[in-house]
Amino acid sequence: MKKLVQLNVNGDTHELAVNPDETLLGVLRNHLDLIGPKRGCDSGGCGCCTVHVDGKAVYSCMMYAVSAQDKNVVTIEGLGQNNDQGNGNGRELDPLQQAFIDAGAVQCGYCTCGVIMAAKELLDTVKNPDEDEIRHAIAGNLCRCTGYQKIVDAIKLAAAAV
Amino acid sequence: MTLSIIGKSVPRPDARDKVTGGKGYPVNVRLPGMLHAKMLRSPYPHARILRIDTRAAEQLPGVKAVLTPADCPQRKYTTVYFVPTDAASMVRDMLVMSDTVRYAGQPVAAVAATSIEIAEQALELIEVEYEELPFVFDPEEAMQPGAPQLHEHAEHNIAVNPVMEFGDLEAGFAAADHVFEGVYETQRVHTCYMEPRVCVVDADGNGNFVVHSSMQHLFGLREKLAYVLGIPESRVRVIKPPYIGGGFGGKLDIGYIEPIAALLSVRANRPVRIEQTRYEDFISTARHPIKVYLKTGITKDGVFTARYAKSILDTGAHATHGAEVINVHGAFGFLLTYRCEHRKWEGYSVYTNNMVGGGYRGYGSPQACFAVESQIDEICDELNLDPIEFRRKNAHQPGDPHPFVQGMHLDTYAFDECLTRGAERIGYAQRTPANTDAGHIKRGVGFACQPLWVSGCLGFPDIYEHSGAIIKLNVDGTADLSTAAMDLGSGQITTLCQIAAEALGLPMEAVRITETADTTTVPFDAPSHASRVTYSAGNAVLAAANVAKERMLKVAGIMLEADAGDLEARDGRITVKGSPDISIAIADVVRRAESPFIQVTEDGPGPTTVEEKGTIIGLSSTAPAGNPSPASVGFVEVTVDTETGEVRVERAVYAHDLGKVINPNGAEGQVEGGFQQAIGYALMENLQFDENSGACLTGDFLDYKMPTAVEMPRSIESIFIESNEPTGPYGAKSLSEPCITVPAPAIANAIFNATGVRIRDLPITPEKILVALGKLPSE
Amino acid sequence: MTLPDLSDYFVPTQESELIDLLGRFGERAMIVAGGTFVHGLEARGLLSEVEALIDIGRLGLGGISQDAAGVTLGATTTLAELRRADFVQTDPAFGALQDALDYPPVQIRNVGTVGGCLAASAPLYDVPAALFALDGTACVRGAGGARDIPLNEFFVGLFENALRTDEFIAAVTLPKPAARTASAFLKLETNANDLAIINVAVRITLGENGRCADSRVVIGGGVGECYVRAGSAEAALEGGKAGGELFATAAAAVAHDIEPVTDQRGSEAYRRHMAIVYTRRALERALGRMVTGGTNG
């Protein structure tokens, strides 16, 4: 039996009929075409699916979509400011997104959106996080390309910019 | 000439897209009418299928096609992308689906349906009757008489058995003052690319296939799929994804998914998508476990007189990469590493009822390097020799004949400088003997070398090694670069764009990789593997850029009334050498070449010449001029808690002769990422299987452990040594693979330096250290 | 991965509704709080018979309160909320909770709940060991009314607890700690996002004379059917002079209380050895907290 669910995602409200065991990740990717959250393991092990629910980083693969009813979901697509100057660069990036580019923290990029969402909560709650705080804040996210060093650099860079 | 773009940490062109969602991954591909397929996998490690009943599955609403072994072509193939399928050196023992199961997890049926859920339900309805057969998981047992035979063609389950010999081994041992013997073992690990293996195949009903896949080789997939299906290659069009979510060698072979999706697509007459679960990925590819028996003769002052090794590689149910990994392991991991007149190596790639191995960064060398570099330190410790001097004394020297590639020499070879500068940076000379520290935390320093490696595969039998590129200039002064070289994440796009921009005198942001390449539109390229892309594909891009540039300068010469040979391109302008005031924008040159023959301007009609007319374009398809060797040395500092056996890598220093750094930030990223994979290999990663059923026990990231940001050293320092390789683009040779090869033995050597404990099998778990320290009983 | 037998997802807003649903579906119902445990089981194909998921997020079961008797943690209090509680941040007696709450990654802390991790009864989890060592009690409600189950009696086996099928955890209470009490928790893990190979939660209360007046030693991970209370270690601590020698003796005694398993994460001998080392280190960590008076030891 499908369940009707009202989801607020990146500021837009969507009414959807979903299977009760459908995950938030599945709904974001398959119903709403939001590709930022990614499926890497389906069991809370890799962090590629990390999004914010009511401002908190969660594994969207471990949350039933129906339980996100009435909550505010933000994916990487919801970061940054809309700032259309008519020049094609419609969206101003979040400082973290910019820092990931500047620090060379992106390689294959499959983990990137999830890592940024985890780091985003850290920077929302801690002013000037030290190296250990940064590393623990992204301990729920795996990266196979970067060795995390430039990711940590990027988060430091963004913390300084915020 | 000073360089404007080469050597600069320009940002990646694909980074913005990736931090805002990442549109380019194959996992995002959706086609109208697309079906979803799932594979039914055998629960037994060795069995014969007696009967498959799919009737109930076919009746399930939403099921559009079902596939069993009887529906699949029974033409045997090898999966490996970088060789022609009929290459003599490879073993053709694979089938898309077989009625003999040789490992737990082998696909035995597949269903395409309108949703994944329906496909999964349909799998539950398929009845398979198996006759279980005796199985063997240990390769040395598999080689014994009486062991279960996995393939008719392979006596004693030996898939391939290469032997290489130089000089007179017995004479070498006779000349030795000391002979050392040791056995070193490595485990099965996964590349852990983050994007799962996924494909969408669309059969058009006229015998043509369009294929999207997360893979490392466009043309390899085309050739393999055509071979499997028994159709001409031109019937298969493989679409190049803008990038994939990691590969590291793990996507260097055709999977089950592409042929199965193709066959289902034909039956259903609709596009079919298969996305693997993480569990399926874990049993799809792995670095092969290799057991190495080493015997080494040396003089009293530490010069090799004889080196012998026997390597037993567990290739699993099929030979695939195991037929080639064993050779790279033996040659580049063991035989060629140091000077020694008398050498012999025997390799055995052995079938077992384990999962099939695959490609993984380093490709056989990490297993050998662990053995060789551990043993050298053991020798030095025993004979009180300096480990740095030992390696220096036995090393190849610049100018030596290349020990593998006929007719070439080690023209650029800064191994010595790697040793010197790395040792200096980490403070190797200041290290203290084992157990110097009071208390239970012991500190140690160690290092290991990959003295010789490759920049591609020139000189290797049966392996493709050519690349191509198309560069087309636009009237706005930009250039589009098309190539079949795949970006796995390691920055191939960036590097190739930098090379093109530098050559054409364009700013970095003016060069774009086209996102529309496929096997019908771009020249052949060998895979992204063997540390080859910067060197080989880079050379092809440079060649294409030079063709375009020649044409561009010719037009500019006409416009500037100067000889093309006197012009130079830089920062988007073309200038007469020595006369900086006489210049013209590249955009204007391209506009002129692309303009109508007679263009009417405010000044009236202005005719151009026929010589100026036409798109400024360059094309190349070329093999590189050589296969220059990089050299590398990795140092680590560790602490070992002798109460718990816990090892922390506190600091890493990595020195590498890469010829020329194209992008320093990107190059550091390669090293840092290599250490993540290698620290996992050294200390924790291990694919484990139930000893009775063969089921994978480490099929998700809660059980398969790899380092998070917390376990990684706070500092990984890269020292890049620029020896300026004359055959490389702007002097570059390769980087990627040695980064993952040297850390494990360096860590083992550092653990010994800390504690006096020598572990000869990976991973070096806390438990093994506690056993070695005598704090736990050995098994 | 799906739940093939799932028929519905319920979001009750009254406890009576929840109790009715539990009565109706019995063992074929699964309560969802944070959902991480449910998804963990689902991903491993262990929930194939579940017909009803019951989301208890709208029952108002969250919140933390404190009174003279101790603290009450609403069942749906998230681990992150608990970590921010003042007493967790500052009171050495609750140090074990602080330690345990720091282990899970933020994505789990933000959704995982106090009640959920207890109901899971999976000794690979960390926070329950700490709650156990702090003499927590599960406040349970069901068709038969309300009852309190001390955690000492709550954990029955792997994934098994003393809850009847019609019962749910409404809250957990922790008694007000005696003066001169401190606790600590340590987990053996391979990386920072791991299930416990073993974990240890300890609490010690010292008398006026500096001797150990009361203690709890709880060990989890693969050392028994579920969490194990190490009575031999507690007995060894009783009346002893707190410090390295006593702690070493007490730690060695845990070997009598545990029956470690061998699996791909570690052997029986390794787990036994590490249970001893970590018990000693946890006791030292707790004592260190008592001396400094803070939890950041």
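A: Strands here are DSSP runs of at least two residues, numbered from the N terminus. On that count, A:Ile76 sits in the loop between strand E5 (72–74) and strand E6 (81–82) of chain A. Keep in mind that this is a predicted model.

Q: Is A:Ile76 buried or exposed, and how do you know?
A: Count the neighbours. A residue is buried if 20 or more other C-beta atoms lie within 10 Å of its own. A:Ile76 has 29 other C-beta atoms within 10 Å, so A:Ile76 is buried.

Q: Which residues is A:Ile76 in contact with, leaving aside its neighbours within four places in sequence?
A: Contact asks for C-beta atoms within 7 Å. In chain A, the partners are A:Gly36, A:Cys113, A:Ile116 and A:Met117. B:Thr20 and B:Gly21 of chain B are in contact with A:Ile76 too.

Q: What makes H10(B) roughly parallel to H18(B)?
A: Two packed helices are described by the angle between their axes and the distance between the axes. Helix H10 (residues 365–383) and helix H18 (residues 743–755) of chain B pack at about 30°, with axes 8 Å apart. Angles under 35 degrees count as roughly parallel. That is why H10(B) is called roughly parallel to H18(B). The crossing of H10(B) past H18(B) is right-handed.

Q: Which residues make that contact between H10(B) and H18(B)?
A: H10(B) brings B:Pro366, B:Cys369, B:Phe370, B:Glu373, B:Ser374 and B:Asp377. H18(B) brings B:Ala744, B:Pro745, B:Ala748, B:Asn749 and B:Phe752. By type, they divide into seven nonpolar, two polar and two charged.

Q: Why is chain C called as compact as a globular protein of that length?
A: First, the contents: chain C has twelve helices and 14 strands. The globule rule gives 19 Å for 297 residues, and the radius of gyration of chain C is 19 Å, so chain C is as compact as a globular protein of that length. Its C-alpha atoms fill a box of roughly 60 × 45 × 35 Å along the principal axes. Of its 297 residues, 58% count as buried.

Q: How many residues does each chain give to the contact of chain A with chain C?
A: Chain A gives 25 residues and chain C gives 24 residues. On the side of chain A, strand E4 (56–59), helix H3 (112–125) and helix H4 (131–137) each give two or more. E4(A) has the largest share, four residues. That side of chain A divides into twelve nonpolar, eight polar and five charged residues.

How values were computed:
Residues numbered from 1 in each chain as written. Chains lettered and ligands numbered in written order. Predicted model: local features only at pLDDT ≥ 70, side-chain atom pairs only at ≥ 80, totals over all residues. Contact = placed C-beta atoms within 7 Å. Nonpolar A, V, L, I, M, F, W, Y, C, P; charged D, E, K, R; others polar. Axes fitted to C-alpha atoms, helices over the stretch in contact; angles between N-to-C directions. Parallel < 35°, antiparallel > 145°, perpendicular 65-115°, else oblique. Left-handed = near helix turned anticlockwise from the far one by under 90°. Rg over C-alpha atoms; globule rule 2.2 N^0.38 Å. Buried ≥ 20, exposed ≤ 12 C-beta atoms within 10 Å, placed from the backbone.
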